[in-house]
Amino acid sequence: MADALAYLGKELDNLREQKLFRHPRVLTGMNGPRAVYDGREVINMSSNNYLGLNQHPRMIEAALRGTRKLGAGSGAVRTIAGTMEGHVELEKKIAKFKHTEAALVFQSGFTANAGTVSAVLNKDDVIVSDELNHASIIDGCRLSRAAIKVFPHADMEGLRAALEDTKSVREAGHNVLVITDGVFSMDGDIARLPEIVKIAKEYGAITMVDDAHASGVLGRNGRGTVDHFGLHGQVDIQVGTLSKAIGVVGGYVAGTQVLIDYLIHRGRPILFSTSHPPAVTEACIEAFDILQEEPEIIERLWDNTRYFKERLTALGFDTGISETPITPVMVGDGALAMEFSDKLFERGVFVVALAFPTVPRGKARLRTMVSAGHTREDLDAALAAIERTGRELGII
Ligand SMILES: *Cc1c(COP(=O)(O)O)cnc(C)c1O
């Protein structure tokens, strides 16, 4: 019998030829600043677990308490029988944290973005989107069937030009959404939110920011980019994730009560996919308390970020436009970036390489991510391995 899926194998052979075929490395034990992947103990610079909350004793205890008391699963989607007290309590906590009227928890940051954009916009509307926005935003835009205008990354003139182009749509009474990542996940730069908000308002556009990499990282106690820039009340839709600095899994939308009520009726992941189990909600509730009570963890993250970034740059590496704990090391060629990453792994440092289609062709890189839990010895050992390997490969 002919294999109807043979074409997939051919695609994979192409990747193998280009040395871009990857097996995800397998983790033994916890995802910490040092961790065991593929049986080797490494300094872990590939995790989004910025604050180490995934292994904070209070978080583990909260998850266990939730499971023992309330069971392993929620049993239904939110709108049928799966809204537990924990979901409501977590949402109240998030709304208070974000200074918004209300919040709604999704299964992931991905579903929060995709489910919200596709619910709020329709085919007569226009979405104005930064070219480096996350895949979940792009999928949400596509699902909404609205027209999509992409502007060059962080280019405010480009944003304005795209908005100029929406005049007929606005005059016909349809909606325009301006959407941006708060912190860009591949470059680590921060969106120019004050300008974006100002320009969007001139055109009467809705504003939405995806703070997946800013939640728990930027702003007072990790409140995100809106707080970082003092823009409370000026961004219509804020998305965050519970999967990165918060250390568990999930996503949320924060905004007005009207927005949240609408999403409960029209957000497809809320209507058609089961809600989080109690272990997740209880651990996330605990995480927001920890952000309030132990802000020194975030300080440690930023201390490490400054230390590591300064030394990488002093060694002569190109770290691009990063302003956050995400620090790329630009390489250019995809296969070379993979080789760099593999050599580092053999030398006890786990730094992931990113190549097309995750980043544009010719812009392959390593993406280093420090965490609050890295010691100076960890960072120095990582820097030594990166320097040695970078020299061997002719990158510096
Ligand atoms: C990681 C990420 C998401 C997805 O979040 P998950 O909770 O992992 O689904 C969305 N947007 C951006 C910018 C991200 O980096």
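Visitor: Which residues of the largest nonpolar core touch the most other members?
Guide: The model is a predicted one. Its largest nonpolar core holds 61 residues. Helix α12 (residues 278–293) gives the largest share of this core, 8 residues. The members that touch the most others are M45, L51, L242, F288, F308 and F340.

Visitor: Which residues are in contact with M45, leaving aside its neighbours within four places in sequence?
Guide: Contact here means heavy atoms within 4.5 Å. With the neighbours within four places in sequence left aside, the partners of M45 include F308, itself among the core members that touch the most others.

Visitor: Which strands stand at the edges of the open sheet, and why is one side of each left without a neighbour?
Guide: The open sheet has 4 strands in the order β1-β2-β3-β12, with mixed pairing. β1 (27–28) and β12 (349–350) each have a single partner strand, so one side of each lacks a neighbour in the sheet. The edge strands are therefore β1 and β12.

Visitor: What is the bridge partner of N44 in β12?
Guide: Strand β3 (residues 40–44) pairs with β12 in the parallel sense, over 2 bridges. In β12, the residue bridged to N44 is F350.

Visitor: How many charged residues are in the lining of the second largest cavity?
Guide: The volume of the second largest cavity is about 50 Å³. R78, H87, V105, F106, Q107, I270, S275 and H276 line this cavity. The lining has 3 nonpolar and 4 polar residues, and the charged count is 1.

Visitor: Which residues that line the largest pocket are the closest to its centre?
Guide: The largest pocket has a volume of about 660 Å³, and 23 residues line it. Both α14 (334–346) and β13 (352–354) supply at least two residues of that lining. Closest to the centre of the largest pocket are R22, V352, A353, L354 and T358.

Visitor: Which element gives the largest share of the lining of the second largest pocket?
Guide: The second largest pocket holds about 380 Å³ of space. Elements giving two or more residues to its lining are β5 (126–130), α5 (135–144) and β6 (147–151). The largest share, 4 residues, comes from α5.

Key:
Residues numbered from 1 in each chain as written. Predicted model: local features only at pLDDT ≥ 70, side-chain atom pairs only at ≥ 80, totals over all residues. Heavy atoms only, no water. Core = buried A, V, L, I, M, F, W, Y, C linked by side-chain atoms within 4.5 Å. Buried < 20%, exposed > 50% of the residue type's maximum accessible area, 1.4 Å probe, protein only. 1 Å grid on protein atoms, 1.4 Å probe; cavity = no way out; pocket = protein on both sides within 12 Å on 5 of 7 lines; lining within 4 Å. Points joined across faces, edges and corners; volume = space filled by probe spheres on them. Nonpolar A, V, L, I, M, F, W, Y, C, P; charged D, E, K, R; others polar. Pairing = 2+ DSSP bridges.
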